[in-house]
Amino acid sequence: MKVLGIESSCDETGVAVYDTDAGLLAHRVHSQIDLHAAYGGVVPELASRDHIRRLPLLVRETLSDAALRTTQLDAVAYTAGPGLAGALLVGASFAEALAFALGLPALPIHHLEGHLLSPLLSAEPPAFPFVALLVSGGHTQLMRVSGVGAYALLGETVDDAAGEAFDKTAKLLGLDYPGGPALAALADAGNAKRFGLPRPMLHSGDLNFSFSGLKTAVLTVTRSPGFASDAKADLAASFQAAVVDVLVTKSVAALKQTGLRQLVVAGGVGANRNLRRSLDAAVRRRGGRVFYPEPELCTDNGAMIAFAGAMRLSAGAQGQRSGRVEVRPRWPLGEVTPP
């Protein structure tokens, strides 16, 4: 089966074709970073308009890369939520219209399900069940993944997500948008032991997270007498170390609680090199292994949506053929069910 995947939940337009026999045939992603940089963050209306401009061309280019015609597709999968309402509607409308015109099933996919399953696209994928750490700009969650659609929430952030905290802290340090990668790059030149920042909820006894207080601690340091701009790298490194400590400690605790040895890390923050090194070392000490998606698939992309759609079809999902467009900007992952 050949599945076209469309992702448009926020500020990346992603398109891909996944073949259940041959694997990922082609994928393309257009990032809107330059579009939103002047505003220091994503402007929803501009994001929606850019998806409208980019999506038809990206679909044509991706199909050309895969050497396929639309008539050779078997299904169309698209992100139905969560995300920005307008951006979701663009992708959903295009996907449902294309599927209806071709007489194909359309599969609405949960954005986070795409991230959860994306490491299965790697050359050495994990096997079910596993623990998943979802770390992105909007989500920080630990899940037990037993199969497609079988997700049990173990813990989540009670305020800011890790990626959100990275972005807000970068703004406090005067770094350009997008702040997360800029802060991580600055941290590479800093001394992580210079500032004793807190590790929120490190010993809370559960698997929940909190990063809002850590961001506030950074703000307090920047406003303290004597803080100079040449200390920014050290503060960035100290902040990053605090986030990594919390994520690693909670992830190891989740493995211990579930008795599992496989940890999957997905989402944009999962590309952070310090986080990967620390997780690899901590999980290896427990006799386990960490699995990551390919670096290019850490951020939002169509490949993970096409793959999730193909997995659902293979597991018996029928999809819909009504052409009806319905998105869910707020969609708890716990409401996703097996095919």
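Helices and strands here are DSSP runs, numbered from the N terminus. On that numbering, Met201 falls in the loop between α6 and α7. The model is predicted.

**Aromatic pairs**
- The count of aromatic pairs is 5.
- One of them, Phe166 with Phe239, is edge-to-face, at 5.2 Å centre to centre and 80° between the planes.
- This pair links distant parts of the chain, 73 residues apart: Phe166 belongs to helix α5 (residues 162-172) and Phe239 to helix α8 (residues 232-258).
- Phe166 is buried, at 5% relative accessible area.
- Phe239 is buried too, at 0% relative accessibility.
- Phe195 and Phe227 form a tilted pair, because their planes stand at 55° with the ring centres 6.3 Å apart.
- That pair also links distant parts of the chain, 32 residues apart. Phe195 is in the loop between α6 (179-187) and α7 (212-222), and Phe227 is in the loop between α7 and α8.
- Phe195 counts as buried at 16% relative accessibility, whereas Phe227 counts as partly exposed at 21%. The cut-off for buried is under 20%.

**Charge over a ring**
- Arg276 places its charged end over the ring of Tyr292, 4.2 Å from the ring centre.

**Helix contact: α5 with α6**
- The axes of α5 and α6 are 7 Å apart, and the packing angle is about 70°.
- Angles of 65 to 115 degrees count as roughly perpendicular, so α5 and α6 are roughly perpendicular to each other.
- From α5, the contact uses Phe166, Asp167, Thr169 and Ala170. From α6, it uses Gly179, Gly180 and Leu183.
- These contact residues divide into 3 nonpolar, 3 polar and 1 charged.

**Cis peptide bonds**
- The bond from Phe128 to Pro129 is cis, with omega near -5°. Pro129 is in the loop between α4 (111-117) and β6 (130-135).
- The bond joining Tyr177 and Pro178 is cis, with omega about -5°. Pro178 sits in the loop between α5 and α6.

**Positive phi outside glycine**
- Ala67 has a positive phi, near 55°, and is not a glycine. Its place is the loop between α2 (44-65) and β4 (75-81). Ala67 is exposed, at 64% relative accessibility.
- Met201 is not a glycine either, yet has a positive phi of about 60°. Met201 is partly exposed, at 26% relative accessible area.

Note on methods:
Residues numbered from 1 in each chain as written. Predicted model: local features only at pLDDT ≥ 70, side-chain atom pairs only at ≥ 80, totals over all residues. Heavy atoms only, no water. Phe/Tyr/Trp six-rings, centres within 6.5 Å; stacked < 30°, edge-to-face > 60°. Helix = DSSP H or I, 4+ residues; strand = E, 2+ residues; numbered from the N terminus. Buried < 20%, exposed > 50% of the residue type's maximum accessible area, 1.4 Å probe, protein only. Lys NZ or Arg CZ within 6 Å of the ring centre and 35° of its normal. Axes fitted to C-alpha atoms, helices over the stretch in contact; angles between N-to-C directions. Parallel < 35°, antiparallel > 145°, perpendicular 65-115°, else oblique. Contact = heavy atoms within 4.5 Å. Nonpolar A, V, L, I, M, F, W, Y, C, P; charged D, E, K, R; others polar.
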